[in-house]
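Student: Here is a structure I would like to go through. I want to know what stands behind the terms used for it.

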Amino acid sequence: MNTSLISLEIFVIGLGLVLMLADVFVAPERRHFIGYAAIGALAFLLATNLSSANTGLSSTAFNGMFVEDGLAIFFKRLFMLAAILVLFMAVEFSSEVKAGITEYYSLIVFALSGMLFAASANDFVMLFVSVELITVTFYILTSFQRSRLTALEAGVKYLILGALSSAFLVFGIALIWGTTGKLNFTELAAVAPQFEQSKVFLLGVLLVLVGLGFKISAFPFQIWTPDVYQGAATPTTAFLAIGSKAAGFVLLLRVLFTAVPTVTANWGTLLIFISGITILYGNLCAIPQRNLKRLMGYSSIAHAGYLLLGVAALSTTGQSAVLYYLAGYLFTVLAAFTVVVLVLRQTDIEDISALAGLNQRSPLLAASMTIAMVSLAGLPPMAGFFGKFLLLKSVILKAQETGNHGYYCLAFTAIAGVIISLYYYFGVVRAIYWSKDPADLSPIVLSAPAKVSLWACIAGIFWLGMFPNTVLNLADEAAHVLGI
Amino acid sequence: MSILTYIAGWPLLAALALIVVPGNYRVIIRAIAVLATFISAVLAVKMFCAYGSAIPDGDGYRFVEQIPWVTSLGISYHVGVDGLNVGLILMGAIVAFAATLCSWEIQSREKEFYILLLVMTGGILGAFASLDLFFFYFLHELALVPTFIMIGVWGRGSRRNYATFQITLYLSIGALIALLGLIALYLQSGIHSFQIPDLIRQAQANPMAVNAQNIIFPLLLFGFGILVSLWPFHSWAPLGYGVAPAPTAMLHAGVIKKFGLYAIIRIALPILPQAAQHWAQFLAWLCIGNIVYVGFVAMRQKDLNLLIGNSSVAHMGIIFLGIASLNIIGVTGAVLIMVAHGFLAALTFALSGYIYQKTGTLEISELGGLCRRLPFIGTLLLMAAMAGCGLPGFANFVGEATVFFGAWSQPALHVVTVLAVWGALIIGAVYMTRAVRHILHGPLPEKFAQVPDASNLWRQLPYALLLVSLLVFGFFPRLLSDKIRPDVQKITDMVSPTATAKATPIRVEIAQVSQSAVQN
């Protein structure tokens, strides 16, 4: 038993509790300091985590349920960074929350703890518990603005579909346990080859993938994404877009490549189809969208498809490309949503046209949004370009190794998706700089913390796009843990 | 640091500097942009003159600089010149300087315009200098994206949105297909290096399997071909240039468009020689589409910019024919035209931009007699049109004549060559002289009675600079051809049937290749 391994998680949960207690002692008009305190505490934890020497060894706790290895560390840092930037957003958003802003901060921190556990899950029980911890907090976060009808609608949709996906997940786990008697990923990997012919076992694995498919919003489980993204409070949407999705991906990678690698090896074609259709669905449906958050919802589906390219490649290069892409996606998506929060918090409409004249209202916001859109579209020298380059490279490598033409088709599909996406991403940029007679030209005053978080996102996007060495090495190390 | 880094670096640095300059300091913004491109052009001239005395490295590249960038993938910042790109970099830097000078026609959002123009300049010069496959693509893409924005924002006329949409779609598809091809090339070679010299050496030592070559070559040919408006993927070009602001059209038609051709010669021919032989005949027939079909289309144009755009597509056909001939004469000619056409396209678009600026129209039927009011601009337009028809004395003549000799020496291309010569000389002459007659001669419409000529030296400089460059290389083509020939010789030796016959046509499994790479 090695309880010290979960010290980070314990600290994070403790932080959530302390925040809730602090609410009692802090006057309402000074509650944004609670948010900054949470940011400071998380930044401290992140800094300690970064400075601690990475031994490169993996160690387990709780009878192998919890594993601390390169992959877990990579994702934990990613989640902490995401939570910090989302908290910045939440502080800016606090004026829109009628009551209980402190609960909002602490719920974000609790969701973070779920993600941290997910990064280390090495057992189906741990997987289920961490997924539930994330999902249940998100039920509340989604409908936090109780007075808004759209928020309630989004909350109900997320609740019903989330519960459905949990049901699939649990049913799948039950089938796997019923056939193999194993719940631990490492133990399961040892016995899985014997059960490859068992249809019940395969159905169980498939149902687990369905449950995780909801989390990452892959086709055909993507249906909730646009509605929830549109209705939820913007910081919640941002955390859903990066945190919840990345948690889904780390669990997916663990299940596919640690728990049932032999089954996964036969499922390349299935993954190719899911990835290709997800890319096309997300990009095509994004074209007619006028609501910015809904557009980001469809764009997030498309990006789940791109990320699945790396999973479908069934190789270490593919997995490390997924990790790299997620790191770039973190900065990009958070930059975009921070702008959405700052520009649209006063308006009820979230139409793209509300961005009109943004370059005159605040050049920094306009530049951040443009950089984020260009990076999402995958143009150099942004993070999105290098990420897509790595993903495509992994797919083509697989195609050449196996001679499977499906992979070439997948690469072409991804390219078609990129081309389609140029249209709507540039639509956003055009709305910022070149709309005719914008209605509102009042300057937007940015608080210093908001500026800090925007500059951090911009720096991250350019850093990952132009100096990929550091993160790429980390991603390579992390992917080696998975062993395929 | 290598002089090449400075040539590409100054414009990019100036673009960064412009970000902090307030938008209403118009003179300063323009001065910074002009100065940066001027320095870059002077350095390029210096580099061109010093080329002969510079010491080549083991692979024949001069002014080489290499800095590792992503070690795990074998990507490094690696620049160098040989005969293939020395002229292109010189041409690109001079055209960029001229285009910046011509940018006085831009009246709105000047700061953004100059930033994009400088990014385009730095990107494309860096792409030409790059000997690393990744940077090669990366910097070209960096130069390409501003084109779309510039056409969308500063474009003219009612078809602006459609043209922007079309050019973005076509060029992005082309670039991404080429990217697939380049990644496939890198992976197929089995060495973990994006360095072009390494890849070529690997391809010589262990020729790539023929079936792999035949998959990758079309990706590169059509990917880069779309970027160069290879028929039948050319329709974006005339319309895009028709609505683009003059500096953008100058830089794109003159410089950026040459990138695709350069990439085919630099990468596709030496690394995929057998596929190149296989596809050469097909490519030669596509050239006829460019030269003859688009030539006829150009004859029917009523708008000067559309006419120039179509004629520039037709000229690309001649370059492709030079590449398809796969011999030293033809490929040398192709490189010569790439340089010459860069100056020519920039000159014609600059002149048409001037005429549009002063008259507000480019409809050929509405113009007339302009030579009376615009002696300087008119004379230059006449000379540019003559250069476009391939008149001796201009650099284009040298290149075109060489390409036709080269193509004729391939027995398989006789029919194509005859058609191409006919198309280039007759059709080209018909539409060019017709345009000259309608625009420069005849009665001067009343409304243009007060049109001013480019009077002061400052305004005349960009046009004069481009024309002088055309004439210099027209009268002294050896300045270029002596530099080009040895390096083209290396490439054509690799592509020649005797060289590739030695290659084993069995499929080399990638695992074996990568194993041997590891052992090496």
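Tutor: The terms are taken up one by one below.
This is a predicted model, in which local features need pLDDT of at least 70, side-chain atom pairs count only at pLDDT 80 or more, and totals for chains, interfaces and linings use all residues. Residues are numbered from 1 along each chain as its sequence is written, and chains are lettered from A in the order in which they are written.

Student: Why are H2(A) and H4(A) called roughly parallel?
Tutor: The axes (lines fitted to C-alpha atoms over the stretch in contact, with angles from 0 to 180 degrees between N-to-C directions) of H2 (residues 32-51) and H4 (residues 101-120) of chain A cross at roughly 15° and come within 9 Å. Angles under 35 degrees count as roughly parallel, so H2(A) is roughly parallel to H4(A).

Student: Which residues make the contact of H2(A) with H4(A)?
Tutor: Ile34(A), Gly35(A) and Ala38(A) of H2(A) and Thr102(A), Tyr105(A) and Val109(A) of H4(A); contact requires C-beta atoms, placed from the backbone, within 7 Å.

Student: How do you know that the length of H8(B) agrees with its residue count?
Tutor: The expected span is 1.5 Å times one less than the number of residues. The 18 residues of H8(B), residues 210-227, should therefore span 26 Å, and the end C-alpha atoms are 26 Å apart, which agrees.

Student: What covers the buried residues of H8(B)?
Tutor: The cover includes H6, H11 (258-271) and H12 (273-299) of chain B. Among the buried residues of H8(B) are Ile216(B), Phe217(B) and Leu220(B); buried requires 20 or more other C-beta atoms within 10 Å of a residue's own.

Key. Helices (H or I, at least four residues) and strands (E, at least two) are DSSP runs, numbered from the N terminus. A residue is buried if 20 or more other C-beta atoms lie within 10 Å of its own, exposed if 12 or fewer, and partly exposed in between; C-beta atoms are placed from the backbone. Two residues are in contact if their C-beta atoms, placed from the backbone, lie within 7 Å. Angles under 35 degrees count as roughly parallel, over 145 as roughly antiparallel, 65 to 115 as roughly perpendicular and the rest as oblique.
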